[in-house]
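This briefing covers aromatic contacts, charges placed over rings, and pocket lining. The sequence and structure are shown first, and the notes follow by topic.

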Amino acid sequence: MRFRRCHSMVVLPFEEATLSLDSLASGGACVEFHKSIRVYAAHIDKVCTLEARACMLLLNCSAEDWQPLPADGQASADVMTLIKSGLLLLEGDVSSPPACSDQRIRTAHWSPLAAIYHRHTRWEGVDSAVEMERRKMVTARDLVRQLGVPPAEAPARRPAAIALPRLDSDEAELQVRVTCRNFDQDRALPLHVLAAMLQDVVMAQAVVESEPGIRFLKKNVPSGGGLHPMEAYIIARDVEGLSPAVYHYHAVAHELTLAPAQPEEMESFPLRLCAGQDWFAGAHVLVVLACRFERNFWKYRRHAKAYRAVTLDAGHISQAFYAAATRRGLGAFVTAAINEVDAEEALGLDPMQEGVIAVCGFGWRAPLMTMAELDPAGHVWKLGQAI
């Protein structure tokens with residue numbers, strides 16, 4: 001029996017503060033720090049806690065060469081424990097979840113640090129709204145009370161600066177671009193409006209085949225290497241002519257098809273997806289942006305900047321949705337405070353092959369502001385519109 005280490009992992013020392021009444025009673029500090037060693041691997045969700053001896057054995061294992069089981073009894077037992085945790089893999093094992101997941105990461109050309117970061121920063125079952133309430137971190141006053149005054153909104157002015165003229169701007173759309181937290185629940189969004197939004201933002205405007213089998217898309221948003229790896233899954237909550245469901249949008253054909261997998265409870269799925277942010281979950285349309293990493297990593301193999309380019313792609317798309325929505329009198333939002341694991345499980349996605357990055361949304365604005373919005377210029381909400 002031979003084994004080797006998983007492809008990508010990082011070892012972090014961890015200290016956790018705990019209240020010690022015994023220490024306080026004996027005259028010591030009331031807080032003790034318990035040290036542990038945690039291992040974050042790119043191919044499994046679980047964070048493994050190891051003893052120092054097992055950790056050193058793991059670090060001395062190769063991720064490429066298979067090696068035999070050690071003769072020493074303790075070392076052999078440690079290897080078996082690490083195999084059970086999924087950090088060590090057995091030769092010939094092609095069916096267990098850790099082995100399959102590790103092999104997919106090996107062949108997908110992930111940068112190791114990016115793979116670990118992506119895997120272990122995903123949320124599952126988080127209700128961020130409840131958590132903000134629990135921690136009393138809802139209002140600006142709450143934030144100042146607990147965190148102090150934030151850094152200045154801009155750096156200090158510098159001497160010998162050149163004053164620039166202020167010109168009249170024709171870009172009214174940019175001035176009324178405000179993140180929407182109030183959507184009209186009594187008015188459906190026409191299908192043609194949804195179609196126009198998708199056409200403006202994520203539809204391929206042209207397809208270029210530079211070499212046989214190598215096709216690039218022209219969209220109205222930029223993308224690293226012109227690869228456009230981001231897929232859009234449309235959650236149609238209230239769209240005329242569409243049953244409430246999750247649809248996959250085909251950017252070249254400009255068409256919607258029901259996603260192969262659907263959430264078990266469609267009505268509550270948007271709220272679960274948005275981690276309890278009901279002000280976003282009420283949008284007429286939510287767009288789950290999921291990256292087909294193999295498309296990006298085909299060119300940028302194990303590249304340190306490849307994952308950063310993916311997140312920039314999501315930012316470009318979200319801003320384009322804002323502009324397209326504002327132009328049509330709609331409200332829009334983007335959030336990264338999402339339960340990626342819940343979305344991936346509901347849609348049947350492997351997070352390391354097609355991972356959820358962000359959620360955008362848009363729809364008709366409500367006539368009254370019942371949830372506070374940040375509109376410092378007062379371009380959207382006028383006096384008397386808010387309660």
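**Aromatic cluster and pocket lining**

Ring pairs join Trp-110, Tyr-117, Phe-293, Phe-297 and Tyr-307 into a cluster. The model is predicted, and 10 aromatic pairs are present in the structure. The largest pocket holds about 620 Å³ of space.

**Trp-110 and Phe-293**

- The rings of Trp-110 and Phe-293 form a tilted aromatic pair, with 4.4 Å from centre to centre and 50° between the planes.
- Trp-110 belongs to the loop between α4 (97–108) and α5 (112–120), whereas Phe-293 belongs to helix α12 (residues 293–299), so this pair ties together parts that lie 183 residues apart in sequence.
- Both Trp-110 and Phe-293 are buried.

**Phe-293 and Tyr-307**

- Phe-293 also pairs with Tyr-307, and here the rings are stacked, at 6.3 Å centre to centre and 25° between the planes.
- This second pair links distant parts of the chain, with Phe-293 in helix α12 and Tyr-307 in helix α13 (residues 306–327), 14 residues apart.
- Phe-293 has a relative accessible area of 0% and is therefore buried.
- Tyr-307 is likewise buried, because its relative accessible area is 11%, which falls under the 20% limit for that class.

**Charges over rings**

- Arg-187 is placed over the face of Trp-364, 3.6 Å from the ring centre.
- Arg-295 has its charged end over the ring of Phe-216, at 5.9 Å from the centre of that ring.

**The largest pocket**

- The space in the largest pocket amounts to about 620 Å³.
- The lining of the largest pocket comprises 23 residues, and those closest to its centre are Val-138, Arg-181, Ala-372, Glu-373 and Leu-374.
- Elements that contribute two or more residues to this lining are α6 (128–134), α7 (140–147) and α11 (278–281).
- The greatest contribution to the lining comes from α6, which supplies 3 residues.
- By residue class, the lining of the largest pocket consists of 14 nonpolar, 4 polar and 5 charged residues.

How values were computed
Residues numbered from 1 in each chain as written. Predicted model: local features only at pLDDT ≥ 70, side-chain atom pairs only at ≥ 80, totals over all residues. Heavy atoms only, no water. 1 Å grid on protein atoms, 1.4 Å probe; cavity = no way out; pocket = protein on both sides within 12 Å on 5 of 7 lines; lining within 4 Å. Points joined across faces, edges and corners; volume = space filled by probe spheres on them. Helix = DSSP H or I, 4+ residues; strand = E, 2+ residues; numbered from the N terminus. Nonpolar A, V, L, I, M, F, W, Y, C, P; charged D, E, K, R; others polar. Phe/Tyr/Trp six-rings, centres within 6.5 Å; stacked < 30°, edge-to-face > 60°. Buried < 20%, exposed > 50% of the residue type's maximum accessible area, 1.4 Å probe, protein only. Lys NZ or Arg CZ within 6 Å of the ring centre and 35° of its normal.
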